[in-house]
Amino acid sequence: MNTILDTGRRRGADAQLPYAGALTPQESHALLQADTKVKLIDVRTDAERDWIGKPQIAPNQQFAVQWTLYPGGKSNPDFLAQLSQVAGKDDVLLFLCRGAVRSKGAAKLAAEHGYTNSFDVLEGFEGAKDAEGHRKNVDGWCKAGLPWIGA
């Protein structure tokens with residue numbers, strides 16, 4: 001576990017990230033499997049999780065805290081309050097979104113508010129779009145062949 005976290009922290013330091021670090025989907029999955037105290041914070045909307053799917057990991061390690069709200073895409077004004085209900089300041093938190101944009105913002109805000117072990121999951125759940133504009137074909141949790149459930 002420490003090797004994975006060290007890799008993520010080095011990646012974060014090298015990129016001068018404003019949070020603890022960044023992990024690939026494969027590293028994130030391995031970390032979740034190795035330590036049941038690690039928490040995946042899925043910052044996608046409830047609609048995205050319902051319609052697109054979510055990682056298949058232990059329920060006590062996966063938490064939904066929307067970064068933006070559906071419909072409308074407005075920022076979730078209760079993000080930090082909701083995060084505090086599922087995570088402690090010293091917990092190892094892996095922030096995940098669709099394509100690794102919102103997760104960076106969530107990890108940054110969490111780190112600014114004392115969550116010292118905030119990590120971004122690189123590539124996101126579905127990853128970048130391919131030439132036809134489709135996801136799950138270029139990179140991300142799904143493309144990596146990691147377990148997931150849903151649509």
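Leaving aside neighbours within four places in sequence, S103 is in contact (heavy atoms within 4.5 Å) with V43, F95, L96, C97, D120 and V121. The model is predicted, and local features need pLDDT of at least 70, side-chain atom pairs count only at pLDDT 80 or more, and totals for chains, interfaces and linings use all residues. Residues are numbered from 1 along each chain as its sequence is written, and side-chain values use heavy atoms, with hydrogens and water left out. S103 belongs to helix α5, residues 102-112; helices (H or I, at least four residues) and strands (E, at least two) are DSSP runs numbered from the N terminus. With a relative accessible area of 0%, S103 is buried, where buried means under 20% relative accessible area, exposed over 50% and partly exposed in between (1.4 Å probe, protein chains only).

We turn next to the nonpolar cores, each a set of buried Ala, Val, Leu, Ile, Met, Phe, Trp, Tyr and Cys residues joined through side-chain atoms within 4.5 Å. The largest such core has 19 residues, and L31, L32, L40, V92, L94 and F119 have the most contacts inside it. Helices α1 (2-14) and α2 (25-34) and strands β5 (93-96) and β6 each supply at least two residues of this core. A second, separate core of 15 residues includes Y19, F79, A87 and F95. In soluble globular proteins, nonpolar side chains tend to be buried together.

Not counting residues up to four places away in sequence, L32 touches V38, K39, L40, I57, Q61, L94 and W141. In helix α1 lies T7, which is partly exposed at 22% relative accessibility. T7 and A34 are 27 residues apart in sequence and 15 Å apart in space, C-alpha to C-alpha.

A search of the whole structure finds three aromatic pairs. Rings of Phe, Tyr and Trp (its six-membered ring) pair if their centres lie within 6.5 Å; planes under 30 degrees apart count as stacked, over 60 as edge-to-face and the rest as tilted. The rings of W67 and F79 are edge-to-face, with centres 5.0 Å apart and planes at 85°. This pair links distant parts of the chain, twelve residues apart, with W67 in the loop between β4 (62-64) and α4 (79-86) and F79 in helix α4. F79 is buried at 2% relative accessibility. F125 and W148 also form an edge-to-face pair, their ring centres 5.7 Å apart and their planes at 90°. Here F125, in the loop between β6 (118-121) and β7 (148-149), is linked to W148 in strand β7, 23 residues apart. F125 is buried, with a relative accessible area of 0%, whereas W148 is partly exposed at 27%.

Charges also sit over rings, a term that requires NZ of Lys or CZ of Arg within 6 Å of the ring centre and within 35 degrees of the ring normal. R44 lies over the face of F125, 4.4 Å from the ring centre, and the charged end of K89 sits over the ring of Y115, 5.2 Å from its centre.

Finally, the cysteines. With a disulfide taken as a pair of cysteine sulfur atoms within 2.5 Å, the count comes to zero disulfides. The nearest cysteine sulfur to C97 is that of C142, 12 Å away, which is too far for a bond. C97 is buried at 1% relative accessibility, and C142 is buried at 11%.
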